[in-house]
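Grab a pencil and have a look at the fold below. Try each exercise yourself before you read its solution.

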Amino acid sequence: MMRGRLPRPPLPRQAPPDIAARILLLRDDLMVLNKPAGLPVHRGPRGGASLEDWLEPLRMGKRHLPQPAHRLDTDTAGCLVLGRTKPALATLGAAFAGGRAHKTYWAVVRGAPTEDAGLIDRPLRKVSTRAAGWRMEVHPEGQRAVTRFRVLGRGDGVTWLELRPETGRTHQLRVHCAAMGWPILGDPLYGQAASGGLHLLARAIRLDIDPPAEAEAPVPDAMTAALSAISGAPARPKS
């Protein structure tokens with residue numbers, strides 16, 4: 001079995017020349033970007049590539065740089081919302097805080113739920129040790145965390161899930177799936193590392209703002225390969 005982190009390919013310090021192709025939705029007030037897996041949203045204390053290196057070419061004539069309106073794990077690909085103005089960023093922050101930002105994720109997990117749909121309601125807290133670093137765990141003294149799931153397809157030892165978080169705890173989907181006995185494929189922290197990385201996609205976002213906004217991210221190649229082996233999933237899922 002493969003455990004621990006797999007080395008990531010080096011990320012460019014500059015925005016890719018085809019960055020416009022990663023913009024899923026562009027409005028005067030906001031944009032939705034298809035963030036690649038492996039790219040941190042914020043630059044860490046040790047430096048390295050991050051989405052912050054991409055903000056200048058994403059300014060696109062605005063006075064201020066666009067800013068992320070929410071978090072998306074480094075290893076998760078897909079929809080990331082950025083505010084293009086300060087008023088828009090405040091509006092987006094209120095939408096996320098007020099439960100008016102509806103996120104849909106796709107995941108390929110090891111194992112399978114016994115039911116085709118359900119709700120995971122397990123509180124989470126952060127723990128840290130000098131030897132292993134930090135991680136999240138299910139604990140009765142943690143913050144409430146709620147995730148709805150629906151089975152989209154079943155394969156040999158793997159399952160295709162739709163996940164809808166009702167709360168926004170760190171690593172919530174990853175910990176919830178692992179705690180249920182079906183860790184996300186390629187999760188080195190709560191399951192097992194695998195080629196292709198973490199099979200978790202921020203598939204879609206819907207914002208109940210004025211005017212409403214929604215976007216959908218295409219399926220990364222690694223997930224496409226995994227989905228092709230699952231009953232009910234097309235070889236090339238609709239992007």
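Predicted model: local features only at pLDDT ≥ 70, side-chain atom pairs only at ≥ 80, totals over all residues.

Residues are numbered from 1 along each chain as its sequence is written, and side-chain values use heavy atoms, with hydrogens and water left out.

**Exercise 1.** Find out which strands pair with E2.

Solution. Start with the terms: strands are DSSP runs (E, at least two residues), numbered from the N terminus, and two of them pair if DSSP finds at least two bridges between them. Next, take E1 (residues 23–26): this strand and E2 pair antiparallel over 3 bridges, and a hairpin of 3 residues links them. In that pairing, Leu26 has Met31 as its bridge partner. Finally, turn to E4, which runs antiparallel to E2 with 6 bridges; here Leu30 sits opposite Gly83.

**Exercise 2.** Work out why E2 counts as largely enclosed.

Solution. Buried means under 20% relative accessible area (1.4 Å probe, protein chains only). Now check each face: Leu30, Val32 and Asn34 on one side are buried, and so are Met31, Leu33 and Lys35 on the other. So 6 of the 6 residues of E2 are buried, and the rest of the structure largely encloses the strand.

**Exercise 3.** List what Leu30 touches, skipping residues up to four places away in sequence.

Solution. Contact means heavy atoms within 4.5 Å. With that cut-off, Leu30 touches Leu25, Leu82, Arg84, Leu92, Leu207, Ile209 and Ala213, leaving out those sequence neighbours.

Notes: Buried < 20%, exposed > 50% of the residue type's maximum accessible area, 1.4 Å probe, protein only. Helix = DSSP H or I, 4+ residues; strand = E, 2+ residues; numbered from the N terminus.
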